[in-house]
Amino acid sequence: SDAPSISSYPTIEQSSTPSKSDHPSLQPSDAPSISFQPSRSLAPSIPPLKKGLIFGQQHQEASAEHFSDSVSWFYNYKQDMYGDWQGKWADENNIEFVPMISHPWLLVPGTNVKLCYFEDFYHLTPVCTTQDVIDTLNNSVAARTVRPRYLLGFNEQYNHRPPKGRDMSPTQAAHYWGKYVQPGAIAAGLELVSPSSNQGDNAIIWFADFLKSCYDKRDDEINYCDIELITKIAIHNYDCRESYWEETYNGKNSLFYKLMGEELGTYSGKMDWMDYLHARPLWVTETNCYWEQFYEGVPHSDSKKQCLRISGQLPVTHGAGSLSKMESSDKIERYAWWATWNKQPKPSYLTYFDGGLTPIGKAYLNPGDPSVDCEYTGKKVMADTAKLTGVARLGTCPTTGTMMAQWIGLEGSAGTFTVEVPKAGNYAVNTSYIAAAKGLDMNVRVNDGKDKIFNFLVSGRWCFEGNTHPDGNGEPTVVAMELQGFKEGTNTIHLSQGTTSQVPVIEWIAVVPKEGIV
């Protein structure tokens, strides 16, 4: 491992394994109350803000500033901050940071580098002690002006289960919960939020088995695990239909509780598993529309389509949208959109890399508001104005009635779009395309700069005249290419073949205007 040794962090002391008798501070009776208190000083008649943000290492402060008045909390999958700005922004705006132990390890402060690993996790070293976790969380809490009150648990351990994957088994997770997560939270005065789950078969089985394993360890003298100390249940679900959230999570007879009840039954003679679940509010710690109905053959939705769904502009299929339902639901206490921004080229972010709002970001400020403008900004440069060379050609997409550039990159062909920008710098460039196969890419170059490989996510079926696909023609989707090296005035964006033999077809591109620059 390239993580530094524990000895290089003098604030972390070694300790013995916690037990009930040796450490009275670890007794369940000393745990924080499960009552929810808003993180802001709000009048009693005003409910606490449910909305939160998810940050990563690459985020800029400009992305966060849009939401300073509309969110009450944020997290970043780690125990402390990336850089100085996250904590400064949170403290200045009275916003609560929620630390997280997402996997069986701790991270070096301010980085993604592993500090230490939980014992026996694939025999990786150095090995964390319980005191390492306690000190890490205490240091995180002490650094904040707005005191953290919760600790998020493990992240999506049901996707790559052993023996093929390296996620934790439910039994292993319960052991680590009792040895590391639970005593760390108690010592730091933090309430526990469960490992994430959802309504899917793998997630339901994993989470139910985790609760069973933890319950089995309730009377262990060493590393006991107490399910009662988990006061919230974390949910990850990617669907924006209002009806879906009503049917799946909003009520005692909704699908999530029904499936959990079937898995838990009366395990170990416990007759009140359902009461246990219903007593704990839900935190939707990841959501967007990206995976909505994807496994039913529906393509991923771009930013405009997701904006329309969560702003209530598609009432027939989506009602007022998922976020509006979360706001009104008594079961859901907090939610956060994945993600504010991420370097992966996906159409699901609240902002572009420079902090400008995407269509989704506009809707996230006003969920359920049909007046939100979901259109892409910037002048669209259509494919029929591009300079095409070699075998590249134009073809009509019957779905849209527009011309699309085909075969760019094949046999050395290329396509060049000419755009104007008011100021030199880096810009997001929304690109409307179709890619019917997975993993397609292109080389993209601004002016005389270096070629950069850009990966295009699969969008659905091809669209061209004479298409004989039994389901007919597909339609374009839009994703932002984050490009560097623009000069003031006229610029060229050059597209050519990347590493794949097939290439996407391009309908238009549009440089996203920077806020405050005309």
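Q: Which backbone nitrogen lies 3.4 Å from a polar atom of the side chain of Ser329?
A: A polar contact is a pair of N or O atoms within 3.5 Å; within protein, one must be able to donate a hydrogen and the other to accept it, and residues adjacent in sequence count only if both atoms are side-chain atoms. Here the nitrogen is that of Ile332, at 3.4 Å from the Ser329 side chain. The Ser329 side chain also makes a polar contact with the side chain of Asn250, at 2.6 Å. Mind that this is a predicted model: local features need pLDDT of at least 70, side-chain atom pairs count only at pLDDT 80 or more, and totals for chains, interfaces and linings use all residues. Residues are numbered from 1 along each chain as its sequence is written, and side-chain values use heavy atoms, with hydrogens and water left out.

Q: Is Ser329 buried or exposed?
A: Buried means under 20% relative accessible area, exposed over 50%, partly exposed in between (1.4 Å probe, protein chains only). Ser329 comes out buried, at 5%.

Q: How do I read the open sheet of five strands?
A: Strands of a sheet pair through backbone hydrogen bonds, either parallel or antiparallel. Strands (E, at least two residues) are DSSP runs, numbered from the N terminus, and two of them pair if DSSP finds at least two bridges between them. In this case the order is S12-S15-S20-S17-S18, with antiparallel pairing. S12 (387-389) and S18 (452-456) stand at the edges with a single partner strand each, so one side of each has no neighbour in the sheet.

Q: Over how many bridges do S15 and S20 pair?
A: Seven, linking S15 (residues 414-421) and S20 (residues 489-497) in the antiparallel sense. Within this pair, Thr418 stands opposite Thr492 in S20.

Note on methods
Helix = DSSP H or I, 4+ residues; strand = E, 2+ residues; numbered from the N terminus.
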